[in-house]
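User: I have a structure open and would like to go through it step by step. Can you help me read it?
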Amino acid sequence: MLGCCCPEAEPNAIPRLIQAEIVVIPDRMMKHPRPSSYTGSMSIVGNISAIAKGMSITFREIFEPTQVENYPDGPGPMRGAKFQPRFRGAHVLQRDENGMEKCVACYLCAAACPSNCIYIEAAENTDAVRISSSERYAKVYNIDYNRCIFCGYCVEACPTDAITHGHGFELATLNATNLVMRKEDMLVPVQALTAGR
Ligand code: SF4
Ligand code: SF4
């Protein structure tokens, strides 16, 4: 038997879910329904107006100068490619003003990475061999670009600004193993620091 689950309800009460589906149509709408030709003609006028508006933009753009980036045949090291300043490309491992590596192998970037694509092996600095200004440095620092999603979380997590995003974007390859970048691939060369002085 179909009925309400509430114990106080009357035996023949209509269940609440069924009540919600009953639509009351006012008498005046039944007597004076809106003519369908009216809505149809308004819809045609609206469509014509939208098409005219769209075509006006198209014709206006036809006479504007063409703007394209001449990549890869453009000038300069970027071969014509242009980037917004915040473009997140391949990572760069930075050095400090003394040429030391900024990475201190704290693993915070690897912990923050949602793709788990950063692999680090730490080593101790010694008096004879000093790579970074702290106790430790990254002996191995790999990023697997097969998995990196360029989210920038590693850059945000780094306490020493050792890892940043560069503008490198030509990463495509047919060999997936080429997409595992090593520290040597990402580290700023010492010559780049001295060249700027
Ligand atoms: S950009 Fe994102 S996915 Fe790529 S290495 Fe950094 S944290 Fe991981
Ligand atoms: S890059 Fe930054 S966060 Fe990552 S291990 Fe080095 S110092 Fe730590």
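User: What is the bridge partner of Glu 124 in strand 3?
Analyst: Arg 136 is the bridge partner of Glu 124. Strands here are DSSP runs of E with at least two residues, and helices are runs of H or I with at least four, both numbered from the N terminus.

User: Before going on, where does the model come from, and how do I count along it?
Analyst: This is a predicted model, in which local features need pLDDT of at least 70 and side-chain atom pairs count only at pLDDT 80 or more, while totals for chains, interfaces and linings use all residues. Residues are numbered from 1 along each chain as its sequence is written, and chains are lettered from A and ligands numbered from 1 in the order in which they are written.

User: Back to the strands. In which sense do strand 2 and strand 3 pair, and over how many bridges?
Analyst: They pair in the antiparallel sense, over seven bridges. Two strands count as paired if DSSP finds at least two bridges between them.

User: What is the strand order in the open sheet?
Analyst: The order is 2-3-5, a sheet of three strands with antiparallel pairing. Strand 2 (118-124) and strand 5 (180-181) are the edge strands, each pairing on one side only.

User: How many helices and strands does the protein have?
Analyst: There are seven helices and five strands. Along the sequence the pattern is α-α-α-β-α-β-β-α-β-β-α-α.

User: New topic: which residues come nearest to ligand 2?
Analyst: Cys 103, Cys 106, Leu 108, Cys 109 and Cys 158 come nearest, out of 14 residues around ligand 2. A residue is near a molecule if its C-beta atom, placed from the backbone, lies within 6 Å of it.

User: And which are closest to ligand 1?
Analyst: Cys 113, Cys 148, Cys 151, Tyr 153 and Cys 154, with 14 residues surrounding ligand 1.

User: How do the two shells divide by class?
Analyst: The shell of ligand 2 has 13 nonpolar, one polar and no charged residues. For ligand 1 the division is twelve nonpolar, two polar and no charged. Ala, Val, Leu, Ile, Met, Phe, Trp, Tyr, Cys and Pro count as nonpolar, Asp, Glu, Lys and Arg as charged, and the others, Gly among them, as polar.

User: Leu 108 was on the ligand 2 list. Which residues does Leu 108 touch?
Analyst: Leu 108, which is found in helix 4, touches Ala 157, Cys 158 and Pro 159, not counting residues up to four places away in sequence. Contact means C-beta atoms, placed from the backbone, within 7 Å.

User: Now the backbone. Which phi values are positive in residues other than glycine?
Analyst: Among them are Ala 105, with phi near 55 degrees, and Phe 150, with phi of about 55 degrees. Most residues other than glycine have a negative phi.

User: Where do Ala 105 and Phe 150 sit?
Analyst: Ala 105 is in the loop between strand 1 and helix 4 (108-112), and it is buried, with 24 other C-beta atoms within 10 Å. Phe 150 lies in the loop between strand 3 (136-144) and helix 5 (153-157), and is partly exposed, with 15.

User: Last one: which peptide bond is cis?
Analyst: The bond from Tyr 71 to Pro 72, with omega near 5 degrees. Pro 72 is in the loop between helix 3 (36-62) and strand 1 (91-93).

Key. Buried ≥ 20, exposed ≤ 12 C-beta atoms within 10 Å, placed from the backbone. Contact = placed C-beta atoms within 7 Å.
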